[in-house]
Amino acid sequence: MLDSLVTSKTRVKLLLKFFSHANSGYLRSLAKEFDESTNSVRVELNRLTEAGLLLTEDEGKTKVYKANQGHPFFHEIKGMVSKFLGLDDLLEKVVKRMGNVEKAIITGDYAMGIDSGTIELTLIGKNLDQAYLNFLIDKTYEKISRKVKVLILETDPGNLTGILVFGN
């Protein structure tokens, strides 16, 4: 859906990154994360900044980008990204009823802005209710027609790449 409205794959990745959670990033780290050239990422960052969707802050010599929460379309874009990811309801239920969820990170194709039909989600937390999670995964498939694969880790290995959708 989002990828048919926004034709630039790099722009889709940036929108997913900045509007799925309060993420921030700088040019080189985003290019590396998305496996894109710094030039293609720079062009899209400039376009989104000129449109007022992203704000920049200087941290030393580095320019850091983040979503402009004061933009009139911030909540609409955030809602579209959540619906695109198809995890808005699932995440809300997981966080409320699964136990001690510390982080939820979307990995795989969806983190890259590609709608492959399978959403990969990594949950970090202890004593999470696996039976309830299986129930939610089935309900999510019925609702959004996408498979959800979940990996549960008790501790954050520190090297996960993807889009942080819950936690710090």
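Predicted model: local features only at pLDDT ≥ 70, side-chain atom pairs only at ≥ 80, totals over all residues.
How much space lies in the largest pocket? I started there today, and I get about 230 Å³.

**Pocket**

I listed the lining next and found 13 residues. I105, L160, T161, G162 and L164 are the ones that lie nearest the pocket centre. Then I checked which elements give two or more residues to this lining, and they are strand 4 (100-107) and strand 7 (163-166). I also sorted the lining by residue class: four are nonpolar, five polar and four charged.

**Overall layout**

I stepped back to look at the chain. I count seven helices and seven strands. Going along the sequence, I wrote the order down as α-α-β-α-α-β-β-α-α-β-β-α-β-β. The chain has 168 residues, and 43% of them count as buried. I looked at contact separation too: of the contacts with a separation of 6 or more, 64% are between residues 24 or more positions apart.

**Core**

Which residues have the most contacts inside the largest nonpolar core? I find F18, F19, L45 and L123, in a core of 40 residues. Helix 2 (residues 9-19) gives the largest share of this core, with six residues.

That sent me to helix 2 itself. Nine of its eleven residues are buried, so I have helix 2 down as largely enclosed by the rest of the structure. The buried ones are T10, V12, K13, L14, L15, L16, K17, F18 and F19. I note that this list includes two lysines, K13 and K17.

Leaving aside neighbours within four places in sequence, I have F18 in contact with N23, S24, G25, L30, L45, L54, Y65, K66 and A67. One of these partners, L45, is also among the residues with the most contacts inside the core.

**Aromatic pairs**

How many aromatic pairs does the count come to? I get two. I took down one of them, F19 with F74, which is tilted. The ring centres are 5.5 Å apart and the planes make an angle of 45°. F19 lies in helix 2 and F74 in helix 5 (residues 74-85), so this pair ties together parts that are 55 residues apart in sequence.

Last, I went through phi values. D35 is not a glycine, yet has a positive phi of about 55°. I place D35 in the loop between helix 3 (27-34) and helix 4 (38-50). D35 is exposed, with a relative accessible area of 69%.

N127 is another entry of this kind: phi is near 55°, positive in a residue other than glycine. Where is the place of N127? I find N127 in the loop between strand 5 (118-126) and helix 7 (130-144). Buried or exposed, for N127? Its relative accessible area is 73%, and the cut-off for exposed is over 50%, so N127 goes down as exposed.

**Where I stopped**

My page now has a pocket of about 230 Å³, a core of 40 residues and the tilted F19 and F74 pair. It also has D35 and N127 with their positive phi values.

Key: Residues numbered from 1 in each chain as written. Heavy atoms only, no water. Core = buried A, V, L, I, M, F, W, Y, C linked by side-chain atoms within 4.5 Å. Buried < 20%, exposed > 50% of the residue type's maximum accessible area, 1.4 Å probe, protein only. Helix = DSSP H or I, 4+ residues; strand = E, 2+ residues; numbered from the N terminus. Contact = heavy atoms within 4.5 Å. 1 Å grid on protein atoms, 1.4 Å probe; cavity = no way out; pocket = protein on both sides within 12 Å on 5 of 7 lines; lining within 4 Å. Points joined across faces, edges and corners; volume = space filled by probe spheres on them. Nonpolar A, V, L, I, M, F, W, Y, C, P; charged D, E, K, R; others polar. Phe/Tyr/Trp six-rings, centres within 6.5 Å; stacked < 30°, edge-to-face > 60°.
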